[in-house]
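Please keep the sequence and the model in view while reading the questions below.

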Amino acid sequence: MHRDELTRWVGDTDAFLDGHWRTAPAVFRPDTAAAAGPAAPLSLEEIDAAVAGGLLRVPHLELARAGDPVHSSRYTRARTVSGVTTPGYADPHRVRELLAEGATLVLRNVEHWHPATRALTRRLEGELGRRVEAFFFVTPPGAQGLDLHRDDADVLLLQGTGSKRWTVRSGPAGPDWGPGEVADAGPALLSDTLRPGEVLYIPRGFAHEAVGGEGLSSHLSLTIREVGTQQLFASLQRLLLDGLPLPARPLDDAALHAAAELLLERFRTRLPELTAEALLDHARRAQLAEGAVPGLGADPGIAALAARLGAPQEPAANAA
């Protein structure tokens, strides 16, 4: 399988998957990874334009300082369109002021509104078979947006501007864990400073934190989502029960008994044929479909419709 996009991020993909995936953090630099390196799909200038344009709003953007979210009223304002007032739109002046005071800007699910970032996440989704979401962080020198925490996803992040000091600690001790802040996660497994063009991989659940270094630090963070037991259970239901003509509300005991027999017969028939691999594949495909952004990048779109409606009509054939 070709993994051209992943190669740009980590170099030798076989070595990455065998030696680091889910097991160990790693830094990939242009001289040790792919020659071209990954391309940053989003620039600070584009963020300026998006914020100044006035259409970015909560929850797609957030400001935080040392793990504590800044209340959105401090960096957003309401907009009135056709007499309808809606709160939560980014205020460019307030965003810049808070950044200058040491807050970190977090842009969530950038793939929802930025086509080039969406194209990147789609390429990686195709190569990894898992849903990929994009987040963008802007951090002033010496500032820390989030305290030591765990993410429920594998993370590939690309340093864009400035530098940032990262510390990655161990993963969860067992399967019963949750994402969020942690008080202690043992000694550091990795401590390194990322500079523009360099990539950090953090395995799912491994605790990590970062502090802004020289200049205004910005990085793109790609979270690679994995299914859990709830998604497996939902897929098991779909694989076993899709197409089964169950009555919605059986009226008496005989009808309930018949519905129970129908369910058991379907389970007896289909369960022996179902494999763990097929169940996991179905769950991952369902997760990808669930995370799809409706309409973004769709073809035909409005421009294609305009071209079609504006095309000259074929002359009607002469009647015989």
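The questions and answers that follow concern a predicted model, and they take up a few of its residues in turn.

Q: Why is F16 called buried?
A: A residue counts as buried when its relative accessible area is under 20%. F16 has a relative accessibility of 2%, so F16 counts as buried.

Q: What makes Y201 count as buried?
A: The cut-off is again under 20%, and Y201 stands at 0% relative accessibility, so Y201 counts as buried.

Q: Why is the pair of F16 and Y201 called edge-to-face?
A: A pair of aromatic rings is described by the distance of the centres and the angle of the planes. Rings pair if their centres lie within 6.5 Å, and planes over 60 degrees apart count as edge-to-face. The centres of the F16 and Y201 rings are 4.9 Å apart and their planes stand at 85 degrees, so the pair is edge-to-face. This pair links distant parts of the chain, with F16 in helix α2 and Y201 in strand β13, 185 residues apart.

Q: What makes F16 and W21 an edge-to-face pair?
A: Their centre-to-centre value of 6.2 Å and the 65 degrees between their planes can be set against the limits of within 6.5 Å and over 60 degrees, and the pair is edge-to-face. W21, like F16, is buried. Ring pairs also join F16, W21, F28 and Y201 into a cluster, and a search of the whole structure finds 4 aromatic pairs.

Q: How do you know that the buried residues of α3 line one face of the helix?
A: In helix α3, which spans residues 44–52, the residues I47, A50 and V51 are buried. Seen down the axis of α3, the buried residues fall within an arc of 95 degrees, so they line one face of the helix. The face turned away from this buried side carries the exposed residues E45, D48, A49 and A52, while the buried residues pack against β5, α4, β6 and β7.

Technical notes
Residues are numbered from 1 along each chain as its sequence is written. This is a predicted model: local features need pLDDT of at least 70, side-chain atom pairs count only at pLDDT 80 or more; totals for chains, interfaces and linings use all residues. Side-chain values use heavy atoms; hydrogens and water are left out. Buried means under 20% relative accessible area, exposed over 50%, partly exposed in between (1.4 Å probe, protein chains only). Helices (H or I, at least four residues) and strands (E, at least two) are DSSP runs, numbered from the N terminus. The arc is that of the directions from the helix axis to the C-beta atoms. Contact means heavy atoms within 4.5 Å. Rings of Phe, Tyr and Trp (its six-membered ring) pair if their centres lie within 6.5 Å; planes under 30 degrees apart count as stacked, over 60 as edge-to-face and the rest as tilted.
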